[in-house]
Amino acid sequence: MDDRQRLWLQQLPKIDELMLLLEGQGVADRVPKPLLKELCRATVEKRRQGIIAGSGGKEEPAPSLTGLAGEITRQIDRLHTRRLRRVVNATGVILHTNLGRAPLSPAARECLLEIGCGYSNLEFDLVRGTRGLRYDHIEELLRLLTGAEDALVVNNNAAAVLLALNSLAQGGEAVVSRGELIEIGGEFRIPEVMEKGGVRLREVGTTNRTRLRDYREAVNPETRLLMKIHTSNFKIVGFTEEVPLRDLVALGRECDLPVLNDLGSGCLIDLDRYGRQREPTVEEVVAAGTDVVTFSGDKLLGGPQAGIILGKKTLLERIKRNPLNRALRIDKLTLAALEGTLIAYLNPRQARSDLRVLKALTETRDEVRVRGKKLLRKLRAAGMKGVDFSLREGTAAAGGGSLPGQEIPTSLVSLTPRSLSSSRLEERLRGLKIPIIARIDGDEILLDMRTVAEEEFVFIVNGLRSIFLQDG
Ligand SMILES: *Cc1c(COP(=O)(O)O)cnc(C)c1O
């Protein structure tokens, strides 16, 4: 260490001085005093190390008192900034797991705000004036919309599967086809979930072919359940065979065993009417006689994260009585948003216009193109130099472990920056106040119009203006 460094160390502001200045500036009230003190200490310490070691090969002199106060103010500003932020999903992946899957409808949002921010009859029977059940509020809706005898909602579909397995088959065996032993992103693997549920897995068939005979031969006195799992995030093509649900249900009847079908993404409307690939609706699965059906609230249903369990009354009663149900129970915010979502389904046209997931899935190619043209016009009128815009065709995807392999025609607004690389532009778009998450294709950035709503154009136009008007 040389003399200059020693001098700079002596010149470093004292923590008390710094605190006094920040208090004078009114900054101190924005965080608890011990935290402020710690921020001051850590910031001064960092500067002390900087003086001793230099930074980036250069020597680093002592900062001024006001300079340090400014630095701490910025840190406090950052602490007060929300980290969980809305983004524009321009990826074309409709149920994007990393971007929060399904956006809620205006009705669901209203329910969420009103019930979340006030007192409610969550567990209160308003007619009798006595304790009620939180599940009662949406049980009827679920029964009416799906034809199921009984319904229960939990935290998410992973919880629904765990709870159903544990309630119906703990200590015994469940028979599953080898072709359906899936992993859903994260740690959700069917064999492991079964183990946690206290159920022994009895695999039958092969990866590509399983026959009814395979299930029948696996049944023994230890068998508690026949299980079918929707292979929701991949597709096996070629020489394949799976047992139709109806046949499995018939076998269940014959052997006096319940059939559990994990649908993953439960769809309440007929998607093939809108040109999408055929998915059995929840209603059809229930009508097939399936004893218990599980699916997510935030995949094709288009509501909040939740797990929905439908089925026969006697079985649902066992599931409801399981102490695990209390640990996995749905909270009031989710319940409120789910009710708002389900009410929309009473009128399918309403559901298609209010639920963004359904809208994005069912809109025609032309409707999407019209939106693309509108955005293109706005962008071209915004007077940005340094970037060219055009419109082209492409494909979007359902994502979120739904409709695997399905390519959905879409329109893409393409941005070709002149003096920035496309990867740099993509990064700048992510760094905006309202980040825009886009696709890169060579020199171009693609904004997929299937997942962008017209209300979001303003964020795209303003975001791009802030990038290109300042760069020239
Ligand atoms: C997505 C999925 C799950 C898990 O559902 P979450 O709502 O994400 O908990 C379980 N099973 C299948 C078949 C799925 O597709």
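The buried residues of helix α7 are Asn157, Ala159, Ala160, Val161, Leu163, Ala164, Leu165, Asn166, Ser167, Leu168 and Ala169, where buried means under 20% relative accessible area, exposed means over 50%, and partly exposed covers what lies in between, with a 1.4 Å probe and protein chains only. The model is a predicted one, in which local features need pLDDT of at least 70 and side-chain atom pairs count only at pLDDT 80 or more, while totals for chains, interfaces and linings use all residues. Residues are numbered from 1 along each chain as its sequence is written, and side-chain values use heavy atoms, with hydrogens and water left out.

**The chain as a whole**

- The chain has 19 helices and 17 strands, these being DSSP runs numbered from the N terminus, with helices (H or I) of at least four residues and strands (E) of at least two.
- Taken along the principal axes, the C-alpha atoms of the chain fill a box of roughly 90 × 50 × 50 Å, and buried residues make up 48% of the 472 residues.
- The domain assignment divides the chain into domain 1 (3-79), domain 2 (88-94 + 361-471) and domain 3 (104-354), with bounds that come from an automatic or database domain assignment.
- Between the C-alpha centres of domain 1 and domain 2 there is a separation of 42 Å.

**Helix α7**

- Helix α7 spans residues 157-169, and its 13 residues reach 18 Å from the first C-alpha to the last, close to the 18 Å expected at 1.5 Å a residue, where the expected span is 1.5 Å times one less than the number of residues.
- Eleven of the 13 residues of α7 are buried, so this helix is largely enclosed by the rest of the structure.
- At the start of α7, a side-chain oxygen of Asn156 comes to within 3.3 Å of the backbone nitrogen of Ala158; a polar contact of this kind is a pair of N or O atoms within 3.5 Å, and within protein one atom must be able to donate a hydrogen and the other to accept it, while residues adjacent in sequence count only if both atoms are side-chain atoms.
- Just after α7, Gly171 takes a positive phi of about 85°.

**The ligand and its surroundings**

- The ligand is surrounded by 13 residues, of which the closest are Arg101, Ser232, Asp262, Ser296 and Lys299; a residue is counted here if one of its heavy atoms lies within 4 Å of the molecule.
- The residues of this shell divide into four nonpolar, six polar and three charged, and α7 and β10 (259-264) each supply at least two residues of the shell.
- A backbone N or O atom of Ala158 lies 2.8 Å from an oxygen atom of the ligand, and a polar side-chain atom of Asp262 lies 2.6 Å from a nitrogen atom of the ligand.
- A polar side-chain atom of Ser296 lies 2.5 Å from an oxygen atom of the ligand.
- On its own the ligand has 380 Å² of accessible area, of which the protein covers 93%, as computed by the Shrake-Rupley method with a 1.4 Å probe.

- Arg101 is found in the loop between β1 (88-89) and α5, and its phi is near 50°, a positive value in a residue other than glycine.
- Ser105 lies in the loop between β1 and α5 and is buried, with a relative accessible area of 1%.
- A polar atom of the side chain of Ser105 lies 3.1 Å from the backbone nitrogen of Ala108.
- Pro106 is found in helix α5 (residues 106-116) and is exposed, with a relative accessible area of 54%.
- Pro106 and Val175 are 69 residues apart along the chain, and their C-alpha atoms are separated by 42 Å.

**Other individual residues**

- Leu403 lies in the loop between β13 (387-396) and β14 (408-417), where it is buried with a relative accessible area of 3% and has a phi near 45°, a positive value in a residue other than glycine.
- Glu241, in the loop between β9 (223-229) and α10 (245-255), is partly exposed, with a relative accessible area of 29%.
- Glu241 and Ile72 are 169 residues apart in sequence and 64 Å apart in space, C-alpha to C-alpha.
- Leu358 is found in helix α16 (residues 356-362) and counts as buried at 0% relative accessibility.
- The C-alpha atoms of Leu358 and Lys299, 59 residues apart along the chain, are separated by 9.9 Å.

Key
Ala, Val, Leu, Ile, Met, Phe, Trp, Tyr, Cys and Pro count as nonpolar, Asp, Glu, Lys and Arg as charged, and the others, Gly among them, as polar.
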